[in-house]
Amino acid sequence: MKRIYILSILALAAVLPQSMYAQDVDSAMSYRRSSLYSFMISHPDKKMDSEIVGAFMALETPDKYNNHDLSVKCITSDSKKEDLQLEVEEFFVRNDVAKRLVSKWFLRNKETGGFEPSLVLDRGLYDASALDVEAASQTKRGVDALADGGYELINNTFVIVNDITYVDHEANADAATNIMTFIGGIATAVTGDENNIVTSLTTLGSMVSSMISGFAVNTTSYLYQLDWNDSVANYFYDNYYYDKPALDSASQAAFLADAEIAARKAAFEADDSTFRLKYVGSYKARSDNPVLRGLYNPEDVFRKVCARAIDKNVMNLQKNFDQFKVKVPISSVDAEAKTVTAKIGMKEGVTAKSKYEILVPVFDEATGKFKYNRKGTLKPDPKKIWDNRYMANDEQAVGSDLNATTFKITGGVGILPGMLIREIK
């Protein structure tokens, strides 16, 4: 019966899809995002590690994902270890990370072991107060459809592990100093032209200044996905799920006297094989040279470089792996101009060459799950691409004064606010 209860609540998704299209500009940002837990690997033996850790800890979860962070946001590693990915996966197993992610989805109470579905309801955009749970449980579609609602939400839970290391420009600058001095000495000896020394030193000064101010990092991001399928979900509901009891003395006594609940609690805590994270892929890149305009202290530089490096990797992971791509709702439609706006921009990799499809979620009776049908296609207006990268406003970047990107409708009719867009190749 507990499984019927949770699935019945979630089943509201099957009867709500049309409400998406009645959203105004502000509410259009309320949509079913994927969820993300991100943490980093620290290398205490490497230069600038503490500054990088501090910068990372000050960053927020990318706004196109729900924050599903656990308590651990940073783990340390010996830089000499060759198989960092193996070390990360051993950390997952040793600390039951996948099971903790599931526990967070259902707000598991550590003392009673009970679960409750309010986070799933909230992220699924279900209005729990409007539900008649008993009525929903009487319909086959009500129960069956929402196995899918919870499946889509929980299955789209990702973990990103960021390995961030400092690129030591000062070492390069020292090498450049020696080279330029040597070149200057040779030039003087050959030509006797003292002006050549001045030219060499001017060039050297510019080079060294650029290297020292150009703080940069190398970032490798490893992407994992929670392995939540029908089999795992059914096993969880059938064997572990029960409502969270209150903790007053009377109910606690009743809780402790309930042998079945006690058995479920113990079984869930002992389970070390049902819940897993599956490796999706990785991306490695070096950060771009930072624009220093608007930066007034080293901490700002560190945060800006790290934020943009991580965003760059996230963007490329989205391009390379379809399951990680974000779907963003259309905020507004101008039927006369044949344009739409959406709150997505350069941070997510929007360029003049980007292409997007417009999607409508449709419940598939045959499979009992939702699928996304293409409604149309879009391309960005090159002059109206939003620069929403970290601290873009501070550097007064072109497009940073916008609050959305404008897209031209290149195909499709009947486009409405709230419909979803997703990048295509």
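The crossing of helices α2 and α13 is right-handed; a crossing counts as right-handed if the near helix is turned clockwise from the far one by less than a right angle, and left-handed if anticlockwise. The structure is a predicted model, in which local features need pLDDT of at least 70 and side-chain atom pairs count only at pLDDT 80 or more, while totals for chains, interfaces and linings use all residues. Residues are numbered from 1 along each chain as its sequence is written, and side-chain values use heavy atoms, with hydrogens and water left out.

Helix α2 spans residues 49-57 and helix α13 spans residues 298-320. Helices (H or I, at least four residues) and strands (E, at least two) are DSSP runs, numbered from the N terminus. Two packed helices are described by the angle between their axes and the distance between the axes. The axes of α2 and α13 come within 9 Å and cross at roughly 70°. Therefore α2 is roughly perpendicular to α13 (65 to 115 degrees). Axes are lines fitted to C-alpha atoms, for helices over the stretch in contact, and angles run from 0 to 180 degrees between N-to-C directions. From α2, Glu51, Ile52, Ala55 and Phe56 meet Phe302, Arg303, Cys306 and Ile310 of α13 (contact: heavy atoms within 4.5 Å).

Strand β5 covers residues 216-226. Ten of its eleven residues are buried (under 20% relative accessible area, 1.4 Å probe, protein chains only). Strand β5 pairs with β4 (residues 157-167) through ten bridges, and the two run antiparallel. Two strands pair if DSSP finds at least two bridges between them. Phe158 has Gln225 of β5 as its bridge partner. Nine bridges join β5 to β6 (residues 277-286), again antiparallel. Here Ser221 stands opposite Tyr283 of β6.

A barrel is also present. Six strands close it in the order β7-β8-β11-β10-β9-β12, with antiparallel pairing. The twist averages 50° from one strand to the next. Within this order, β8 (residues 339-342) and β11 (residues 405-411) are joined by four bridges and run antiparallel. Val340 has Phe407 of β11 as its bridge partner.

Thr112 lies in the loop between α4 (97-105) and α5 (118-123). Thr112 is buried, with a relative accessible area of 1%. A polar atom of the Thr112 side chain lies 3.1 Å from the backbone nitrogen of Gly114.

Technical notes: Buried < 20%, exposed > 50% of the residue type's maximum accessible area, 1.4 Å probe, protein only. Polar contact = N/O pair within 3.5 Å; in protein donor to acceptor, adjacent residues only side chain to side chain. Parallel < 35°, antiparallel > 145°, perpendicular 65-115°, else oblique.
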